[in-house]
Amino acid sequence: MTNTKKFETTSFSLHLMAMLFMLCDHLWGTIVPGNDWLTCIGRVCFPIYAFLLVEGYFHTRNLKKYALRLLCFAVISEIPFNLMCGSSLFFPIHQNVLWTLLIGLWMIHLNEKAKTGNKPHLAPLARVGTVFLGGLLGLVSFADYNAAGVLVILVFYFFRGSYWWCYLGQFL
């Protein structure tokens, strides 16, 4: 079994778990309010999706198609999300989580461009810049999880492959 096959199997399992957890969170928010334990279970799905986004960035064959799919689903799911959160078709003060994932994907891409560009010595500056830019975009766009959501994605990106540091960074 190749590494790619292992990732696909694990990725599929993680997607199923995250969807189940997300369903619990959405049940708490819509059909079964007052059962706080459902939202506690549901909040586990975002770190899983953040991890999968970072891994997806490195395993995709076509980043433009990957980002376009994410954008399309962000737009499609915005109206149902607005109806659930704000009881209207237009609810500008809270956007769905796919926008957070899209911002995080863009910040990862900017970091990778800085590492492989003409001036790789500027990569540490790009890391700091994307932390601030991503956090700012998360706040200004009112994306779900705000700046913290984008920062979680960047933590998974920055500490990818460095297991000891990864655990420490995620803990912090």
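Biologist: What makes Glu55 count as buried or exposed?

Modeller: Glu55 has a relative accessible area of 10%. Buried means under 20%, exposed over 50%, and partly exposed in between, with a 1.4 Å probe and protein chains only, so Glu55 is buried. Please bear in mind that this is a predicted model, where local features need pLDDT of at least 70 and side-chain atom pairs count only at pLDDT 80 or more, while totals for chains, interfaces and linings use all residues. Residues are numbered from 1 along each chain as its sequence is written, and side-chain values use heavy atoms, leaving out hydrogens and water.

Biologist: Why is the contact of Glu55 with Arg160 called a salt bridge?

Modeller: The closest N and O atoms of Glu55 and Arg160 are 3.0 Å apart. The term asks for a side-chain nitrogen of Lys or Arg within 4 Å of a carboxyl oxygen of Asp or Glu, so the pair qualifies. Arg160 itself, at 35% relative accessibility, is partly exposed.

Biologist: And what does this pair tie together?

Modeller: Glu55 lies in helix α3 and Arg160 in the loop between α7 and α8 (163-171), so parts that are 105 residues apart in sequence are tied together. Helices here are DSSP runs (H or I, at least four residues), numbered from the N terminus.

Biologist: How do you know that the charged end of Arg160 sits over the ring of Phe58?

Modeller: That charged end is 4.1 Å from the ring centre of Phe58. The rule wants NZ of Lys or CZ of Arg within 6 Å of the ring centre and within 35 degrees of the ring normal, and Arg160 is listed as sitting over the ring.

Biologist: Phe58 also belongs to an aromatic cluster with Tyr57, Tyr157 and Phe158. Why is the pair of Tyr157 and Phe158 called tilted?

Modeller: Their centres are 5.3 Å apart, with 55° between the planes. Rings of Phe, Tyr and Trp (its six-membered ring) pair if their centres lie within 6.5 Å; planes under 30 degrees apart are stacked, over 60 edge-to-face, and the rest tilted, so this pair is tilted. Tyr157 is buried at 5% relative accessibility, whereas Phe158 is partly exposed at 23%.

Biologist: Finally, why is Cys24 in no disulfide?

Modeller: The nearest cysteine sulfur, that of Cys45, is 9.5 Å away. The structure holds zero disulfides.

Notes. Disulfide = S-S within 2.5 Å. Helix = DSSP H or I, 4+ residues; strand = E, 2+ residues; numbered from the N terminus.
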